[in-house]
Amino acid sequence: MSPTMEVRAVDRGTIQMPVLGIVLLLAGSAAAAGLLPAVSRAVPLARRKPNNDVLGFVYAQVGVVYAVVLAMVVVGVWDARSRAHENTYTETNALLQIAWYSRTLPQPDRGRLGALAEQYTRTVIHTEWPLLGEQRDDPGAWRQFTGIRETINTQQPTTGADQARYQGALEAVAQLGDARRERVN
């Protein structure tokens with residue numbers, strides 16, 4: 001199976017649950033459920049009945065506010081997911097352009113740039129992607145990216161066709177760097 005097609009299992013040991021928050025939420029819910037019968041007995045129905053209409057309107061307003069906030073959260077998460085998805089495609093396409101450009105170079109630059117592109121891909125997939133869950137990146141991937149950029153920047157195209165391919169490679173390495181920084185951030 002190619003490294004780009006590999007599916008990695010999530011390590012459940014790295015997921016940290018907010019235990020205190022869950023305990024407080026459950027304790028608050030249990031306290032409210034336990035106090036409901038006590039309040040029903042302590043305050044007579046005749047005294048609570050005139051406030052039922054007002055409480056109905058209050059709960060309706062709370063429901064509307066909750067729905068609006070929930071909609072904004074869903075849209076925000078969906079938008080962030082879409083941007084991350086597009087950024088991944090941008091990084092991948094830039095890397096592909098660099099790999100294709102490496103095939104037009106003479107040896108040893110052809111082998112060096114191709115190997116750097118492949119190493120960078122493997123490092124991002126196997127090493128850096130799991131680290132991003134911990135909000136860390138891999139210094140090795142940064143070194144490989146720097147090597148790709150330096151290899152391309154040292155090229156000196158002589159013909160018009162070489163110059164056009166070189167311009168495309170410069171644009172691709174700039175896109176790769178931008179997409180990488182956005183992904184890491």
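**View A. Cover over the buried face of helix 6.** Helix 3, helix 4 and helix 5 are among the elements that cover the buried residues of helix 6 in this predicted model. Contact here means heavy atoms within 4.5 Å. Helices are DSSP runs (H or I, at least four residues), numbered from the N terminus. The buried residues of helix 6 include Tyr166, Ala169, Gly177, Arg180 and Arg183. Buried means under 20% relative accessible area, exposed over 50%, and partly exposed in between (1.4 Å probe, protein chains only). Helix 6 has 25 residues and spans 36 Å from first to last C-alpha, close to the expected 36 Å. The expected span is 1.5 Å times one less than the number of residues.

**View B. The largest nonpolar core.** This core holds 19 residues. A nonpolar core is a set of buried Ala, Val, Leu, Ile, Met, Phe, Trp, Tyr and Cys residues joined through side-chain atoms within 4.5 Å. Ile98, Tyr101, Leu113, Tyr120, Ile148, Ile152 and Leu176 touch the most other members. Two or more residues each come from helix 3 (52-102), helix 4 (109-132), helix 5 (139-153) and helix 6 (160-184). Leaving aside residues up to four places away in sequence, Ile98 touches Leu113, Ile148, Ile152, Ala172, Val173 and Leu176.

**View C. Two loops.** Pro108 sits in the loop between helix 3 and helix 4. The Gln107 to Pro108 peptide bond is cis, with omega near 5 degrees. Gln135 lies in the loop between helix 4 and helix 5. Gln135 is not a glycine, yet has a positive phi of about 60 degrees. Gln135 counts as exposed because its relative accessibility is 76%.

**Notes.** Residues are numbered from 1 along each chain as its sequence is written, and side-chain values use heavy atoms, without hydrogens or water. In this predicted model, local features need pLDDT of at least 70 and side-chain atom pairs count only at pLDDT 80 or more, while totals for chains, interfaces and linings use all residues.
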